[in-house]
Amino acid sequence: MNDAILVEGLQKRFGSNTALAGVDLTVPEGSVLGLLGPNGAGKTTVVRILTTLLQPDGGRAEVAGVDVLREPDRVRSLIGLTGQYAAVDEYLTGFENLEMVGRLYRLGKRESRARAEELLERFDLTDAADRPAKTYSGGMRRRLDIAASLIARPRVLFLDEPTTGLDPRSRLGMWEFIADLAGGGTTILLTTQYLEEADRLADRMVVIDRGRVIARGTADELKAQVGGQRLEFTVTDATVLPAMVERLRPLAVDEPHVDEQARRLSIPVSGGAEVLADALRRLDGQTAAVFDVGLRRPDLDDVFLALTGHGAEESAAEEGEAGPAPGVDETPAEPVPTGGVR
Amino acid sequence: MSSLSATLSDSVVITKRNLIKVKRVPDLIVFATLSPIMFVVLFRYVFGGAIGGLPPGISYAEFLLPGIFAQTVVFGSTITGASLADDLQKGLIDRFRSLPMSRSAVLIGRTVADAGLNVVSIAVMALTGLLVGWRIRSSFGEAVAGFLVLLVFAYAVSWLMAMVGLLVRTPEVVQNASFIVIFPLTFVANTFVPLETFPSALRVFAEWNPVSAVTLASRELFGNVPPGYPVPDAWSMQNPVLYTLIWTAVILAVFVPLSVRLYQRTSTR
């Protein structure tokens, strides 16, 4: 399979600040790569270089087989970009925005209009087509922005934090659209701070921090890198936790972790479902306070924490995304290891 | 598509986009028309009686209008900078720069649309001027040339402002900063009062101020300078049309390439 994106040794400095210190990555044609990292890790810088907005200080980049530095114009005709803000003209209507971008991709008047209609329909914007984008909600603007980047049927699509600032419902909707595009064979490079988003949409992931790649692989591979599974108990009354720790300690392969605030106990273990059965036996008679129990593999939040020494939430918190609320883990409690993709 | 016709067609698309905004944001039209009307009326009636030193045979309305034309079109061109800063802030410049479009079309489309806005301003002011006593006393061709000199000079200033907008990146700051420069530039000139009344150092500055040249050039072309009216000896005032065109050419020669180059490197944040 050919690589739709090829990046080798990419470097970029802004003054004395090194944004990229030699990034390598490839994205096979038709796949989705999740580029993960906290704020300031260099995600956007990579996207800017690949979309010809920024010149790197060193390294090489190809998009759809075309050298980004040597033939930027050809690259531009093969890609679509949706940046961090919805870059739509708010005084133009949805239709006018798309028609304009179509014309600037040199599609011609008739085709620009036909594509505009088609994409408005596909992104549920037909009813709002003749209203200035100023009147759109955040989710609608973002959809219009993505529609604009798709107008010339790009071979490679760059989505820079496509759901930042969206409410949970719009985010789910956006995920469906993106999954749909990926299903249609478009190569996508997606940057995000939301681990759940990458887990859900990306085939492979690259984690960067301070301008360096610190991990890469599928979600399962990343999780395997961080380590094995753990038993998790959520209880209704935190006072029972110390006694539980004592009873379960023989099963632990590493120090158990107690979170009294979340009324949660997490014990690194090895082995499969029998560990869970064993644990329940050991707790004999003390399970009244247990609200939820499960054998879980690490999620990407754990991956992040382990790899970067700080959680993704720290930087995502300002967007109002503080990770799963205590006690409300959305992973279903299953007595068997869950797969990588939820 | 050849690169010239591609630039042209992209520029048309961008100009159209900018003009749609004018249509949908009434404030812009109000700014472009009401304030010049206000200026014409205020100066004509508030200062008109007090401003002396005019030669016999010319009314203050006739002296004033070309000055107000010049001031308004120069201010009008600051919209170019503010609008580009706005596009930059909203991520639109990033969008445009990621498209396979001509590298200069965004700037051409912007400056052309703003020149269009200046045409509207001048038309409104001219009509107001005719109502308060301004007259064109020259031939049709000369009058057209008078308007063209104003518009061409303002178009060049637009390119200078484009550069400012891309550098400053905040629309409000562009507005305020250019006000601080342009306000004195349009007042330390022959726009509203004859140069003879200026103290000597200021007078030399005013004589070589391109705004004075534009004003005098259009005044002459509209026939608002009576025969035998003493024009200052400075070369700039003896040859106002040529002097204006030299400024126009120099500003364009410097700022078109600089702005286009800056545009190609600018991105949000």
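Predicted model: local features only at pLDDT ≥ 70, side-chain atom pairs only at ≥ 80, totals over all residues.

A crossing of two helices is called left-handed if the near helix is turned anticlockwise from the far one by less than a right angle, and right-handed if the turn is clockwise. Helix α4 of chain B takes in residues 78-89 and helix α7 of chain B residues 140-168, and their axes come within 7 Å of each other while crossing at roughly 30°. Because angles under 35 degrees count as roughly parallel, α4(B) and α7(B) are described as roughly parallel to each other. On the side of α4(B), the residues that meet α7(B) are B:T78, B:T80, B:G81, B:A82, B:L84, B:A85 and B:L88, and on the side of α7(B) they are B:S158, B:M161, B:A162, B:V164, B:G165, B:L166 and B:V168. Sorted by class, this contact of α4(B) with α7(B) holds nine nonpolar and five polar residues, and no charged ones.

In one of them, helix α1 (residues 3-24) of chain B and helix α6 (residues 105-131) of chain B pack at an angle of about 45°, with their axes 7 Å apart, which makes α1(B) oblique to α6(B). The crossing in which α1(B) passes α6(B) is right-handed. Among the residues that make this contact are B:T7, B:D10, B:S11 and B:I14 of α1(B), together with B:A105, B:V106, B:I108 and B:G109 of α6(B). By class, the contact of α1(B) with α6(B) has nine nonpolar, six polar and two charged residues.

In the other packing, helix α3 (residues 60-76) of chain B and α6(B) lie with their axes 10 Å apart and at an angle of about 160°, and that angle makes α3(B) roughly antiparallel to α6(B). Here too the handedness can be stated, for the crossing of α3(B) and α6(B) is right-handed. From α3(B) the contact draws on B:A61, B:L65, B:I68, B:F69, B:T72, B:V73 and B:G76, and from α6(B) on B:D114, B:L117, B:N118, B:S121, B:I122, B:M125 and B:G129. These residues divide into eight nonpolar, five polar and one charged.

The same record's annotation "transmembrane region" covers several stretches of chain B, including residues 106-132 and 241-263. Residues 106-132 of chain B are 96% helix and 0% strand, with end C-alpha atoms 39 Å apart, while residues 241-263 of chain B are 100% helix and 0% strand, with end C-alpha atoms 31 Å apart.

Chain A, for its part, is divided into domain 1 (3-223) and domain 2 (229-296), and the C-alpha centres of domain 1 of chain A and domain 2 of chain A lie 42 Å apart. Where the two chains meet, 19 residues of chain B are in contact with 24 residues of chain A. Helices α1 and α5 (92-97) of chain B each supply at least two residues of the side that touches chain A, and α1(B) gives the most to that side, with six residues. By class, the side of chain B that touches chain A has eight nonpolar, three polar and eight charged residues.

Terms used:
Residues numbered from 1 in each chain as written. Chains lettered and ligands numbered in written order. Axes fitted to C-alpha atoms, helices over the stretch in contact; angles between N-to-C directions. Helix = DSSP H or I, 4+ residues; strand = E, 2+ residues; numbered from the N terminus. Parallel < 35°, antiparallel > 145°, perpendicular 65-115°, else oblique. Contact = placed C-beta atoms within 7 Å. Nonpolar A, V, L, I, M, F, W, Y, C, P; charged D, E, K, R; others polar. Domains from an automatic or database assignment. UniProt positions renumbered as here; feature names shortened; annotations may be inferred.
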